[in-house]
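I open a notebook on a structure that is new to me.

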Amino acid sequence: MENLAQLVQAPLASIWLITGDEPLLVDESLVQLRAAALAQGYDERQRVQSETGFDWRGWLASFDSLSLFANRRLIELNLPTGKPGVEGGKVLESWAAQPPVETVLLVSLPHPDKATQNTKWFKALESAGHWLQTFPPSLDRLPDWIGARLAQHGLKADRETLLWLAARVEGNLLAAHQEVEKLALLLPPGPLDQATARASVADVARYDVSDLSEAFLKGDAARYCRVLDGLRQEGEGLPYVLAVMGGEIRTLYRLSQGLQRGERLPALMSAMRVWDSRQGLMERALRRARAESLAKAMRGLSRLDRAAKGLLRTDAWDELKQLGLALMGQGRAPAFVEL
């Protein structure tokens, strides 16, 4: 965001790629660009979203007829799937090769994978303009992120209060933003103590199954339990949770088997299509979980699956918690596994 603040001081580039999986950060970047465009005379704005049946050729042709006296235009194109398709890709390549005059194009999409980054249309847009990548702060950086947001409103919280606020809105930047805005409306500028924060902030934590697998791979036992309990309270389906966790355990098991055969870990991860961003987590998890423990955990997964389907009278949520903690070296395994 700091880089964007500097870029918009100069005449705007004709093409911008704004990518990210956190809607709040993408939207805030778009707001900054809109304000800069308006200040630079781009007073006509058009927003479109590519959907099934979108007329790419017609959309591009509509800009060919602009006269020399037409208003400056800001065009926002949202690609919700991150993939414009064959025709859309060709149109975007054509746009990048010869952008319409007096026009700024903002293309927003989820964070692109490597395959998308290597497409002709993506490379063409990146080469012809600016690629702005937005990333949410990591959990350990979330307190600082909240503190910076509070400071913009003249509020200053101590570290303990920031840590408490971060725990209450864990994994939900939009909720964190909303709570900061609420505090700014309710309180005058100055120090913010935890008692005041507790009285003003609702518990808006929302969890995703990906949070659970991340905590498991990191060996963060406290967060693993907190997320698992949160998913249960929010009504997440246990079969889905088991499918995700089972996938992580199966991957670790296969990696451990390959290592025992003398294969190299990078080659194993590549063969199993473990993303680059997750390879470090997998490697650390492998160091904690012994091969024989993973083998027993594999057998335990089938029991948990039957329990989730109501075929066994047991608390599958609790047994999954015990199993995850045991593989992290943070507790005893369920009796049926005996790691």
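**Largest pocket.** I sorted the lining of the largest pocket by class and got 17 nonpolar, twelve polar and 13 charged residues. For these classes, Ala, Val, Leu, Ile, Met, Phe, Trp, Tyr, Cys and Pro are nonpolar, Asp, Glu, Lys and Arg are charged, and the others, Gly among them, are polar. The volume of this pocket is about 1,700 Å³. I then asked which of its 42 lining residues are the closest to the centre. They are Asp21, Ser210, Glu214, Trp275 and Ser277. The elements that give two or more residues to this lining are H2 (23-39), H5 (114-117), H9 (173-186), H11 (209-218), H13 (238-260) and H15 (276-288), each a helix.

**Notes on the model and terms.** The model is predicted, so I note its limits: local features need pLDDT of at least 70, side-chain atom pairs count only at pLDDT 80 or more, and totals for chains, interfaces and linings use all residues. Residues are numbered from 1 along each chain as its sequence is written, and side-chain values use heavy atoms, with hydrogens and water left out. Pockets and cavities come from a 1 Å grid over the protein atoms alone: a 1.4 Å probe fits in a cavity but cannot get out, a pocket is an open set with protein on both sides within 12 Å along at least five of seven lines, and lining residues have an atom within 4 Å of a point. Grid points are joined across faces, edges and corners, and a volume is the space filled by probe spheres set on the points. Helices (H or I, at least four residues) and strands (E, at least two) are DSSP runs, numbered from the N terminus.

**Cavities.** How many cavities of 30 Å³ or more does a search of the whole structure find? I found two. Strands S3 (73-78) and S4 (103-109) are the elements that give two or more residues to it. S3 gives the most, with three residues. By class, I count three nonpolar, two polar and two charged residues in this lining.

**Whole chain.** I went through the chain and listed 17 helices and seven strands. Its C-alpha atoms fill a box of roughly 80 × 55 × 35 Å along the principal axes. Of the 339 residues, 43% are buried. Buried means under 20% relative accessible area, exposed over 50%, and partly exposed in between, with a 1.4 Å probe and protein chains only.

**Helix H17.** I checked the length of H17, residues 316-327. At 1.5 Å a residue, its twelve residues should span 16 Å, and its end C-alpha atoms are 16 Å apart, which agrees. The expected span is 1.5 Å times one less than the number of residues. Is H17 mostly covered or mostly open? It is mostly covered, with ten of its twelve residues buried. Among them are Trp317, Leu320 and Leu323. The cover over these buried residues includes H11, H12 (221-233), H13, H15 and H16 (291-308).

At the N-terminal end, Asp315 caps H17: a side-chain oxygen lies 3.2 Å from the backbone nitrogen of Trp317. Asp318, also in H17, is partly exposed, at 33% relative accessible area. A polar contact of 2.7 Å joins the side chains of Asp318 and Gln322. A polar contact is a pair of N or O atoms within 3.5 Å; within protein, one must be able to donate a hydrogen and the other to accept it, and residues adjacent in sequence count only if both atoms are side-chain atoms. Just after H17, Gly329 takes a positive phi of about 75°.

**Single residues.** Thr116 lies in H5 and is buried, at 5% relative accessibility. Leaving aside neighbours within four places in sequence, I list Gly82, Lys83, Trp121 and Phe122 in contact with Thr116 (heavy atoms within 4.5 Å).

Most residues other than glycine have a negative phi. Glu102 has a positive phi, near 55°, and sits in the loop between H4 (85-97) and S4. Arg273 also has a positive phi, near 60°, in the loop between H14 (265-271) and H15. Glu102 is partly exposed at 39%, whereas Arg273 is exposed at 73%.
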